Amino acid sequence: MSDQQFITYMAAFQKAAEHTGACAPCQDDRLCPTGDPLHAEFLTQQGRWEANKRRTERNAARRAAWRAASRHRMARHAASDLITYGPWNGDRPAATTADVIRRTSALYGGHLDAPITPAEAAKALEAALTT
Ligand SMILES: [Zn+2]
């Protein structure tokens, strides 16, 4: 959402609130000819701002989901490499979450905004082992 939209919304709120504070009919929910358009404008701006806020939040959630899936693919690739080409201890690969973090950074460093976390590495190791 834009700052300007929020400022416009707050200005409309303030105008309506100031008027209502000084107008007995409007306080009584019987909007006067001056108060009516002020309240209508406030509701319009509130609706716009809330719609924009919902859209912004939806987009942020989509970006977060995409980022998590992308990081998982990279970590899983690194984990698969370690499992396929790295040493094993009996029936378990020797690769640790720290190894997955290092390998993911080595393979995809330029594409990672931050190193894979231990939790992401553990999930990737598990996924690479089970499929
Ligand atoms: Zn009024």
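I shall speak about the domains, then the helices and their packing.

This is a predicted model, in which local features need pLDDT of at least 70, side-chain atom pairs count only at pLDDT 80 or more, and totals for chains, interfaces and linings use all residues. Residues are numbered from 1 along each chain as its sequence is written.

The protein chain is divided into domain 1 (3–63) and domain 2 (65–130), with bounds taken from an automatic or database domain assignment. Their C-alpha centres lie 49 Å apart.

Let us turn to helix α3, residues 35–85. Helices here are DSSP runs of H or I with at least four residues, strands are runs of E with at least two, and both are numbered from the N terminus. Helix α3 has 51 residues and spans 74 Å from its first C-alpha to its last, close to the expected 75 Å; the expected span is 1.5 Å times one less than the number of residues.

How do helices α4 and α5 cross? The axes of α4 (residues 97–108) and α5 (residues 118–130) come within 8 Å and cross at roughly 95 degrees. Axes are lines fitted to C-alpha atoms, for helices over the stretch in contact, and angles run from 0 to 180 degrees between N-to-C directions. The two helices are therefore roughly perpendicular, a term for angles of 65 to 115 degrees.

Finally, Thr-97, Val-100 and Ile-101 in α4 meet Pro-118, Ala-121, Ala-122, Ala-124 and Leu-125 in α5, contact requiring C-beta atoms, placed from the backbone, within 7 Å.

Terms used: Angles under 35 degrees count as roughly parallel, over 145 as roughly antiparallel, 65 to 115 as roughly perpendicular and the rest as oblique. Two residues are in contact if their C-beta atoms, placed from the backbone, lie within 7 Å.
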